[in-house]
Amino acid sequence: MKFIQLHTKNTVIIYKNTLCSGASIIVISLFLLSLMIPIFLISLLNPHLETSVLYEKPRLEFEYKSIFVANTANYDKSWRTKNSFTNFHLCSTYPKLNEILNDQCDSLKYWTNDFDKDGTPDRVHFLQEIDSLQRNLANLEWILVMQAKLKHKCSLSPPAILIAHIDVPSTNQFRSGIVTINAELFLKQNVEFVCPYLGQNIRSQFNTVLINPQSRSDFEQYRASFLLKQLELQPGYFQLKLISTSYEARPPEDGLSVQLNLDIGQASVRYYLSIWEKLSQFWLYFASFFGLSFYLMNKLKDYLFGKHILRALEIMPWKKLY
């Protein structure tokens, strides 16, 4: 009858028994269990292993496409009259839209700040100036079309149509003054972005949200609700997250000024992991969990053999004792 080594304790005591013995079966089962525990733990983490989150500051470029609408008090009542545009003032960079409403204005200013000197703007500013309103400002809506680029993992261009809607409190309503809006850029993702990798050349595709600058009949395309419906169908898009709004009344000759200060920070971008990234993460987690489970199973075998719960032949090498 041939004995096989089952367990070694402190490199001094060696436990041996036959291959078909109950002790051998239990030792083999414990070894298999030390393999299964990491796999089970990794399966619990499986949803987290499907994606990775990277932080990147997007590069924004303003396309000088803007639609600014200032609604005055009681605009809902005037909306039902024959002249439906009586109680709001529109200022845009789309000539055809300005022709529809007989509004002509070219007073949009744009500038940027690069605080860390890395070539990517950290804050952008927009300033829209118009004449004093005939009635108090009730709310305003501002649509800004920008181009955003992500390049950390692969080159992606999610849509960046920024929409700011501000309802002015009754205590702060005025006909002329300064409205200062502070906001930050926010990435909203409906699904994880996909980048090409070895064996698969697939990249997230974004449908272009276009406003036809030559159209005079399709007024609906200039509305924020219409643009939002198109954005919600995208894998992801950039939008505004309002932080604060301040109001300061001024004399009528100063007109109405609205300034938007937009902070551009690190965006949290979710990417779908490639098969190679999943394998590397799997082995990393498996090695960590297996080391722990193997240690625990080894301590359990020490207890089982030390208390003679498992029967085996004990061999004590004399040379290692002295």
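Author: Buried means under 20% relative accessible area. The model is predicted.

Reader: Why is cysteine 154 called buried?

Author: Its relative accessibility is 9%. The cut-off is under 20%. Therefore cysteine 154 counts as buried.

Reader: What makes cysteine 154 and cysteine 195 a disulfide?

Author: Their sulfur atoms lie 1.9 Å apart. A disulfide needs cysteine sulfur atoms within 2.5 Å, so the pair qualifies. By this rule the count comes to one disulfide. The pair links distant parts of the chain, 41 residues apart. Cysteine 154 sits in the loop between β8 and β9, cysteine 195 in the loop between β10 and α5.

Reader: Which hand does the link of cysteine 154 and cysteine 195 have?

Author: The link is left-handed, with -70° about the S-S bond.

Reader: Is cysteine 195 buried or exposed?

Author: Cysteine 195 is buried, because its relative accessibility is 6% and the limit is under 20%.

Reader: Why does histidine 125 count as buried?

Author: Histidine 125 has 7% relative accessibility. That value falls under 20%, so histidine 125 is buried. The residue is found in strand β7. Among the residues that histidine 125 touches are Lys109, Trp111 and Leu260.

Reader: What joins the side chains of histidine 125 and asparagine 261?

Author: A polar contact of 2.7 Å joins them. The cut-off for such a pair of N or O atoms is within 3.5 Å, so 2.7 Å meets the distance limit.

Reader: Where does UniProt place the feature "transmembrane region"?

Author: The unreviewed UniProt entry places the feature at residues 21-45 and 282-298. In the model, residues 282-298 are 100% helix and 0% strand. The end C-alpha atoms of that span lie 23 Å apart.

Methods: Residues are numbered from 1 along each chain as its sequence is written. This is a predicted model: local features need pLDDT of at least 70, side-chain atom pairs count only at pLDDT 80 or more; totals for chains, interfaces and linings use all residues. Side-chain values use heavy atoms; hydrogens and water are left out. Helices (H or I, at least four residues) and strands (E, at least two) are DSSP runs, numbered from the N terminus. Buried means under 20% relative accessible area, exposed over 50%, partly exposed in between (1.4 Å probe, protein chains only). A polar contact is a pair of N or O atoms within 3.5 Å; within protein, one must be able to donate a hydrogen and the other to accept it, and residues adjacent in sequence count only if both atoms are side-chain atoms. Contact means heavy atoms within 4.5 Å. UniProt positions are given in the numbering used here, feature names are shortened, and annotations may be inferred rather than shown by experiment. Lists of a residue's contacts leave out its neighbours within four places in sequence.
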